[in-house]
Amino acid sequence: MSESEIHSDWGDWLPRAVSEAEPDGVDLWYLGCNGFVLKASDGTTVFVDPYLGTGDPPRTVRMIPVPFHPDDVGDCDAVFATHEHTDHVHGPSQAPILANTGAPLLAPDDSVAVAREEEAWTEGWDVEDDQLQTLAEGDTVEVGPFTVHVEGANDPDATHPVSYVFEHEAGTFFHGGDARPGEPFVEVGERYDIDLGVLAFGSTGMLPDRATGERKFTRWYSGENMLAEAATQVRMDRLLPTHWDMWKGMTANPHAVRDHVRSFEYPERVEVVEIGDRVSL
């Protein structure tokens, strides 16, 4: 793998916008797929699941722009990964950020194994081994003003998924990865007061099998009803659906979620954002 695999469709305007921003508390930019960058008022900047690849055509075909080149990221204090899939742990997308900023990758063991063994980040990029740091459920790490709690996740398609709770004096942000409703989300809802949460949302589809090429029924993310259930379990005030924009044959209409959650106590609001949009915590 090489950095030349990444080509930004938008030049460097998004990294510049993040770098020049001065949030009052915490602002977030949606990177498409399930990626986010969070910036606090003191300048601390963290990425979660940034993915800049185009997929694996014809099985997975990217449907949205590549919003930046990783070499254009000048400010990063940590990169978090929720699980080991390539659109969440991806050397060409993430290793240059680590190499250029000295930031660590913080991720569960199977994700770190992808970076260290399968993709050999320390050989292909100027990444030190101690930048690849393993997290597990129950861990808590401090990144500037963020206190980040590692929680469980019910994602039957991943080998070791986790979710993250980012606490800041401005509010609490939850990133559920690609997970679906389950006991781990119930536990998050009982332990924390979540102001803004993101959950993966999509349709089912007929996608080519990786081994045979034959099209088969595929479900990777929550549909409308499962998303409503997950948001209720987490007890989030604001729900931001993600991943609905990414893969050909698996896209969905995030506005449809509003009709499925309106009778529940949680979430109070559904916020729909597109790639590149900025929201405040």
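Tutor: Quick definition before we start: rings of Phe, Tyr and Trp pair up if their centres lie within 6.5 Å. Keep in mind that this is a predicted model.

Student: Okay, how many aromatic pairs does a search of the whole structure find?

Tutor: We go through the whole structure looking for rings that meet that 6.5 Å cut-off. The search comes up with 12 aromatic pairs.

Student: Take Tyr30 and Phe36: is their pair stacked, edge-to-face or tilted?

Tutor: Their ring centres are 5.2 Å apart, and the planes make an angle of 35 degrees. Stacked needs under 30 degrees and edge-to-face needs over 60, with the rest in between. So the Tyr30 and Phe36 pair is tilted.

Student: Is Tyr30 buried or exposed?

Tutor: Buried means under 20% relative accessible area. Tyr30 has 1% relative accessibility, so Tyr30 counts as buried.

Student: And which residues form one aromatic cluster with Tyr30 and Phe36?

Tutor: The cluster holds both of those residues plus some others.

Student: Switching to Val272, where is its place?

Tutor: Look at the strands β17 (269-270) and β18 (278-280). Val272 sits between them, in a loop.

Note on methods: Residues are numbered from 1 along each chain as its sequence is written. This is a predicted model: local features need pLDDT of at least 70, side-chain atom pairs count only at pLDDT 80 or more; totals for chains, interfaces and linings use all residues. Side-chain values use heavy atoms; hydrogens and water are left out. Rings of Phe, Tyr and Trp (its six-membered ring) pair if their centres lie within 6.5 Å; planes under 30 degrees apart count as stacked, over 60 as edge-to-face and the rest as tilted. Buried means under 20% relative accessible area, exposed over 50%, partly exposed in between (1.4 Å probe, protein chains only). Helices (H or I, at least four residues) and strands (E, at least two) are DSSP runs, numbered from the N terminus.
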